[in-house]
Amino acid sequence: MKHVSMKILIPAIVFSILLISSSTNFVSAESIPEWVKNNALWYGQGNISETEFLNMIKFLLESEVIKLESVEKIVPEVRDATVIIPNGNFDVSSSAFYMPLNLEISAGTTVTWTNDDSVPHTVQSQDEYGNVIALFNSAPLNTGDKFEYTFEEAEVYNYFCSFHPWRVGVVTVK
Ligand SMILES: [Cu+2]
């Protein structure tokens, strides 16, 4: 008999406390209200269910007794990208393609080409017909030299090497 009455009584008490508390203004969470301590105790003793305990926590959050500090995720925008001109790139029969062959970036990204080959190369922007256009045009790059260009407009950009015109690459700006 006692067992049954406790099962009904405890949730009723908790609910009553929640109702009373919801009409109370908690100015800050500097101090933990007594009823919260009681709830925690009851939960620890197994007198209230997990659902009831979670509901209490939910109430504390909703009524801003507990305030969660907003944690802003700072996702650094990638503003730099690299294209490697790999060793053997000069060789028409080699699979030493630009790495990556099609670089996908967001507008505003600065792309750096690095010549890792044993011979000089150039980076020359092309129009859709394969003609050289004055957009991004490097001087001859010796081994280890770099060339950079910042892409501002969303577009597909083609380029090639004037010494090895079979080497073509793409930069896709989204
Ligand atoms: Cu080349």
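The text below describes a predicted model.

**The sheet**

Strands of a sheet pair through backbone hydrogen bonds, either parallel or antiparallel. Here three strands make an open sheet, ordered β1-β3-β6, with mixed pairing. Strands β1 (80–85) and β6 (146–151) are at the edges with a single partner strand each, so one side of each has no neighbour in the sheet. From one strand to the next, the twist averages 20 degrees. Strand β3 (residues 109–115) runs antiparallel to β6, and six bridges join the two. Thr110 stands opposite Thr150 in β6.

**The salt bridges**

Side chains of opposite charge can pair when their charged atoms come close. In the whole structure, three salt bridges are found.

| Salt bridge | Closest N and O atoms |
|---|---|
| Lys37 and Glu34 | 3.5 Å |
| Lys174 and Glu104 | 3.0 Å |

Lys174 is in the segment after β8 (168–173) and Glu104 in strand β2 (residues 102–105), so this pair ties together parts that lie 70 residues apart in sequence. Lys174 is exposed, at 60% relative accessible area.

Lys37 and Glu34 are three residues apart in helix α2 (residues 34–45), and therefore about one helical turn separates them. Lys37 is partly exposed at 42% relative accessibility, and Glu34 is exposed at 53%.

Lys58 and Glu62 are four residues apart in helix α3 (residues 50–62), which also means a separation of about one helical turn. Lys58 is partly exposed, with a relative accessible area of 47%, while Glu62 is exposed at 57%.

Note on methods:
Residues are numbered from 1 along each chain as its sequence is written. This is a predicted model: local features need pLDDT of at least 70, side-chain atom pairs count only at pLDDT 80 or more; totals for chains, interfaces and linings use all residues. Side-chain values use heavy atoms; hydrogens and water are left out. Two strands pair if DSSP finds at least two bridges between them. Axes are lines fitted to C-alpha atoms, for helices over the stretch in contact, and angles run from 0 to 180 degrees between N-to-C directions. A salt bridge is a side-chain nitrogen of Lys or Arg within 4 Å of a carboxyl oxygen of Asp or Glu. Buried means under 20% relative accessible area, exposed over 50%, partly exposed in between (1.4 Å probe, protein chains only).
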